[in-house]
Amino acid sequence: MFEGKSGVLLVGGLGFFAFAFLSNAVVPMLMYRDLPEQTTAELVAKNSNLMYQFEELSYRYPEQFKQHFGEPTTDQCAEALRLGRQIYVSEGCWHCHSQFVRPVSREEDRWGPVSATWEYQNELQRPVMFGTRRVGPDLCREGGRRSNDWHAAHFYRPKLTSAASPMPEYPWLFDGAPDKPNRRGLALITYVQWLGSWLESYPDYEAYQPLAERLKEK
Amino acid sequence: MIAQQPVRRANRLLMLLLALAVLLPSLYGFGSKFVEFIALYRGDVDGVFAITPIVNYLLASLGFLCLFGWAVWHGMFRDIERPKQTMLENECWLDQREASALAGDRESRPWTSAAKLRDAALEPYAIRSRHGRS
Amino acid sequence: MIDTQRATTPVADDLLVDRRLVASYFVAALVFMGISLLAGMLMALQLVHWNPLRGIELLSPGRWRMIHTNAIAYGFLANAFLGALHWAVPRLTLRPVLSQSLSWFIFAAWQFVVLATALGIVVGPTLQANVPALQNLRWSLGAQGLEWGETPTWIDPLALAGLLLVAVNFMAPIMQATGPLYVTLWYFLAAFVWTFLTYAMGNFLPQYALAGTSAGAVGGLFIHDLVGLFVTPLGWGLMYYFVPILLRKPMWSHALSLVGFWGLAFFYPLNGIHHFLYTPIPMFLQHGAIISTVAVEMVVLTVIINFFATLRGSGREIVTNLPIRWFYTGMVYYALTCLQCAMQTTLTFQALIHFTDWVVGHAHLVMFGVFSMWLMGIMTYLFPRLWHTPWYSPALCEWHYWLSAGGMLVMATDLILGGVFQGFYWASLAPWEVSVDGSQPFWIVRVFAGLAILGGQICFFYNLYMTWRESRALGARPLEAAAPLGTAAN
């Protein structure tokens, strides 16, 4: 058995793989089976923070908004969220920005509450966007922290808002100018403003104060 | 080179030493971390959960070890070093076959001679970096 | 028993190993290696503000970063592995693969899969945004949001079918072999099963069946199993084959190699969640993943001991035998990267280095420093045998080795060190820009290390091209009918 092929195929190939799958994947599945997976429509329906930002987009960029999304309704917002996530994935944003706050390395001070499981039980976390590297900051508490036009300028040319930023430019999310986001641009801004908008502590600003300023106050 | 060598006493001793060198520190490391771990989670509500996977893995590997012991008991692994010899013999045979099949071809390749072809086929070759090609 | 095996082996040498197929796989692999390196270079230049091609949608560094990883995993590693398997499996079993035409079909299909992945990632989002008919699709033409599985969702089933065909094609000769199997074949057999299962699990479950934290657990398993159950068993299997035949002596201990195999089979699949420590995935599962990771390092130790004990007495081969040098350099890097892994997987280290360049350094050391180096060694050995022509320039082969090995060492050290710095910047709560500015020196060094690696591969490509030209000049006869030797000069 062990020297032949059956042992390798059945014990090593299937058996151990199944054992690992049971103990590492099926266990969390069973643990969270009572947490329902929310659809995008459900996410939007309860979220006034997000709707505020979405409406703000329609005032700030009326022509573009009218053309691409019409009225700032919840249906349109859900569609923008889905499209925004698609762009977040396909442009590779998630390779340089994570989406979870860890209970270590003073991340609570920098970003806010530690991430919890219920935050991820929704359609927009399929597959989950935990991320893999932080070249740029974590984004799961980004919503509401900055304004829509800040994000527009940032996507158009990151150095306009953060001089040291090595982030690539995304002019194809705009019709030629930072104040003219196209459908993809509007959707991505909506998506980024959604992140963390479900929290009570929203918006949560960085507690950091530069040392020089702290010394001056004293 | 190909013939089966008797396992010498020195080899056994070396193997035993190496096994100890790997096993002792790992057992010590694992044991002390495990005790530390239990101490850390004692009294915690999730304490039972914390050691579940470890016990789980220990049991599963124990089961595998029993299966393995059973296999050894039933006569497997008696000639465990044989396949590594067979593999080399086959490889030599394939190289020889390749060489003899092509022996008539050497005129078209001025840099081979029949003798070299045979030697090299018996002795698989890499590029010898210091020698270069002529 | 052995003689009956040999008696049933097809007599003609060219029916056993399809040399043209092996060479084609290797050349395809090298093309994707080139693409991957250029893509990596684009991202590296972007990070140090030197990217000359900014603001071009189809050259977006974000998209090309995915090309960088996917081209190395599915373009280079998978192709080169398949090529090496088409050499090793028939020679180990003395039987050809199931079907030559199936082999060529798989070759073509796999190139299609990899090219479609690349096109999907780069062009997919642009197409979807600009073609009205595609705008309202609920699924994306572009990348899938799964690390190492960015292959667009519509290609996944094709890739899976390809993997199934690969398994069937190679299983046929292995299943016919009788008697106790050599360790290489154990690794290969298991790898075919694991690769198929891993690919199916990772690409479908988090996309269609699961969301949130449990999908994260599956994603972790996928990332890790892809390295541990596809790349690692194939890589070590090939080492157990090529090292003995190049050293002209058997492995030190076949028994110990089986310990390595079963240890890997048991502990490696349990490691996945260590990619997502301190996430909302239940803490006890994280503990389990950490413990099994440390167990894997023990297993790795036995494998390393076995290979270095085999080398004992033939140490000079490191100097004179270039493929052996590639292999053993890769093994030293493997030992280093596993040591690094044993450290970084602990919660203590994770707190500091997770999300930093430490992990990026680790990934480069594994994918290039170990497995690509092994495959480069295999190619250095096999191309002269495949084309029956010695290398055009052994000196260029040396340059290839030194630039790759040296560049890799510099890049890994640099990124690992940079990761520690980033971790401390973040924990200090300094503004984010401080960590970005502080990373610049490391990123600049990385660009030059990358250039060295790229230079090494260019030496190899040129050398290969010239060797191919010589092989054409040497004989118009079919490749199979030519002399088998790499060097006969000495």
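pLDDT is the predictor's confidence in each residue, from 0 to 100. The structure shown here is a predicted model, and in chain A the mean pLDDT is 90, with 94% of the residues reaching 70 or more. Within chain A, confidence is highest in helix α8 (residues 183–194), at a mean of 96, and lowest in helix α9 (residues 211–217), at 68. Where pLDDT is low, the predicted coordinates should not be read in detail.

A:Asn148 belongs to helix α7 (residues 148–156) of chain A, and it counts as buried because its relative accessibility is 1%, where the cut-off for buried is under 20%. Leaving aside neighbours within four places in sequence, the residues in contact with A:Asn148 are A:Gln53, A:Glu56, A:Leu57, A:Arg60, A:Tyr61, A:Ile189 and A:Gln193. Two side-chain polar contacts of A:Asn148 are listed below.

| Side chain | Partner side chain | Distance |
|---|---|---|
| A:Asn148 | A:Glu56 | 2.7 Å |
| A:Asn148 | A:Gln193 | 2.9 Å |

Chain A also meets chain C, where 77 residues of chain A are in contact with 98 residues of chain C. The two chains bury about 7400 Å² between them, and 67% of that area lies on carbon and sulfur atoms. Of the area that chain C buries against chain A, C:Phe355, C:Leu429 and C:Trp432 supply 12%, more than any other three residues.

Between chain C and chain A there are three salt bridges, one of them joining A:Glu91 to C:Arg63 with the closest N and O atoms 2.6 Å apart. On the side of chain C that touches chain A, helix α8 (residues 183–209) of chain C gives the most, with 13 residues, and the residues of that side divide into 62 nonpolar, 25 polar and eleven charged.

Key
Residues are numbered from 1 along each chain as its sequence is written. Chains are lettered from A and ligands numbered from 1 in the order in which they are written. This is a predicted model: local features need pLDDT of at least 70, side-chain atom pairs count only at pLDDT 80 or more; totals for chains, interfaces and linings use all residues. Side-chain values use heavy atoms; hydrogens and water are left out. Helices (H or I, at least four residues) and strands (E, at least two) are DSSP runs, numbered from the N terminus. Buried means under 20% relative accessible area, exposed over 50%, partly exposed in between (1.4 Å probe, protein chains only). A polar contact is a pair of N or O atoms within 3.5 Å; within protein, one must be able to donate a hydrogen and the other to accept it, and residues adjacent in sequence count only if both atoms are side-chain atoms. Contact means heavy atoms within 4.5 Å. Buried area is the accessible area (1.4 Å probe) that two parts lose on being put together, summed over both. A salt bridge is a side-chain nitrogen of Lys or Arg within 4 Å of a carboxyl oxygen of Asp or Glu. Ala, Val, Leu, Ile, Met, Phe, Trp, Tyr, Cys and Pro count as nonpolar, Asp, Glu, Lys and Arg as charged, and the others, Gly among them, as polar.
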